[in-house]
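Here is a short briefing on one protein chain. Look over the sequence and the 3D view first, then read on.

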Amino acid sequence: MNREPCSITDDPYNDYSDYVEGEGVYKSNDEDEDKAYEEERQKEVDNKHPLELYATFINSLMERHSAK
């Protein structure tokens, strides 16, 4: 079976107004991916012990200081 559209009017990428408006096949789903990533990251932080978070913070400060 051929996956090519029957004519140019059947091609979903042929709709310039969708391209300009960011709709249809041109719709971006970055916001959904970003939100899911942030929620997962927050769960990881929430599950850590406060002292572990503090140690991570201190280590990041020390790395910045030694990089100078």
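In the chain, where is confidence lowest, and where is it highest? Confidence is lowest in α1, at a mean of 82, and highest in helix α3 (residues 50–67), at 88. These scores are pLDDT values, the predictor's confidence in each residue, from 0 to 100.

This is a predicted model, in which local features need pLDDT of at least 70, side-chain atom pairs count only at pLDDT 80 or more, and totals for chains, interfaces and linings use all residues. Residues are numbered from 1 along each chain as its sequence is written, and side-chain values use heavy atoms, with hydrogens and water left out.

**Confidence**
- The chain averages a pLDDT of 81, and 84% of the residues score at least 70.
- Where pLDDT is low, the predicted coordinates should not be read in detail.

**Overall build**
- The chain has 3 helices and 0 strands. Helices (H or I, at least four residues) and strands (E, at least two) are DSSP runs, numbered from the N terminus.
- From the N terminus on, the order of elements is α-α-α.
- Of the 68 residues in the chain, 1% are buried. Buried means under 20% relative accessible area, exposed means over 50%, and partly exposed lies in between (1.4 Å probe, protein chains only).
- The accessible surface of the chain is about 6,900 Å², and carbon and sulfur atoms hold 51% of it. Such areas come from the Shrake-Rupley method with a 1.4 Å probe; for residues, only the protein chains shown count as cover.

**Surface patches**
- Patches are made of residues with over 30% relative accessible area and no salt bridge; like charges are joined within 9 Å, and nonpolar side chains (Val, Leu, Ile, Met, Phe, Trp, Tyr) within 5 Å.
- Tyr16, Tyr19 and Val20 form a nonpolar patch, with about 390 Å² of accessible area together.
- Tyr16 sits in helix α1 (residues 16–21). Tyr16 counts as exposed because its relative accessibility is 61%.
- Asp30, Glu31, Asp32, Glu33, Asp34 and Glu38 form a negative patch. Asp and Glu count as negative, Lys and Arg as positive; His and the chain ends are not counted. The place of a charge is taken as NZ of Lys, CZ of Arg, CG of Asp or CD of Glu.
- Asp32 lies in helix α2. Asp32 is exposed, at 58% relative accessible area.

**Salt bridge**
- A salt bridge is a side-chain nitrogen of Lys or Arg within 4 Å of a carboxyl oxygen of Asp or Glu. By this rule the count is 1.
- Glu44 pairs with Arg41, and their closest N and O atoms are 2.9 Å apart.
- Both lie in helix α2 (residues 30–46), 3 residues apart, about one turn of the helix.
- Glu44 is partly exposed at 36% relative accessibility, and Arg41 is partly exposed at 40%.
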